[in-house]
Amino acid sequence: MERSSKFNTMILVLIPVAVGINYAGKFFAELLKLPLWLDSIGTVLAAMLAGPVVGGISGAINNIIYGLTMGPISFIYALTSIGIGVAAGLLYKGKMFENAFRALISGLIIALVATVISVPINVIFWEGQTGNVWGDALFAFLRSKNVGIWLASFFDELVVDLVDKVLTVYIAFGIFKALPKSLVSSFREE
């Protein structure tokens, strides 16, 4: 069965649910001072259920809401969230969520996509840093060894995204697998 490209009622309900999952993940990660973001679980889940466009929209809306409520810098990272949603949706279409090993590979690919999109934003707005304790420690070390800002920023982002996005994908994968088949099929065209 093909995925629905229409914005039916199920998709219109899915988007705010995905945004809520994203928002809650990021909120708890910040509240608990975790060295992760956990702000893309809903984006990946929405992409698996309804495709790359819905995944991208879910991620972007989350960043807009987070930007309005918690910090305006989140607006620009909507670009990263769109990339995550599109990548997850395309990977799902490519049958890269059929088992745990493929989900791992998908998490690594999504981490690379997020890193490539985020690094220019980090360089422009944060002098290359992510604001994450793990990544920024690596960034400081690399800069002390005269590694260029772009490469140091790439590794700063990547070290966090690898753990964050693989965990995100596994959580979304677990939720997806636990959903009733009738619910999953309601996102598909008849």
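I started with Phe-141, which is partly exposed at a relative accessible area of 47% (partly exposed lies between buried, under 20%, and exposed, over 50%, with a 1.4 Å probe and protein chains only). Phe-141 sits in helix α6, residues 133-144 (helices are DSSP runs of H or I, at least four residues, numbered from the N terminus). I also checked its C-alpha distance to Ala-152, 11 residues along the chain, and got 8.7 Å.

Housekeeping: this is a predicted model, so I kept local features to pLDDT of at least 70 and side-chain atom pairs to pLDDT 80 or more, while totals for chains, interfaces and linings use all residues. Numbering runs from 1 along each chain as its sequence is written, and side-chain values use heavy atoms, without hydrogens or water.

Next up was α4, residues 78-93. Its 16 residues reach 22 Å from first C-alpha to last, close to the expected 22 Å (1.5 Å times one less than the number of residues). Buried residues in α4 include Ala-78, Ile-84, Ala-88, Leu-91 and Tyr-92. What do the buried residues of α4 pack against? I found α2 (41-50), α3 (52-69), α5 (100-126) and α7 (149-178). Just after α4, Lys-95 takes a positive phi of about 65°.

Last stop: Thr-130, in the loop between α5 and α6. Thr-130 counts as buried, at 13% relative accessibility. Its side chain makes a polar contact with the side chain of Asp-156 at 3.0 Å (N or O atoms within 3.5 Å; within protein, one able to donate a hydrogen and the other to accept it, and sequence-adjacent residues count only if both atoms are side-chain atoms). Leaving aside neighbours within four places in sequence, I listed contacts of Thr-130 (heavy atoms within 4.5 Å), among them Trp-37, Asn-122 and Glu-157.

Terms used:
Helix = DSSP H or I, 4+ residues; strand = E, 2+ residues; numbered from the N terminus.
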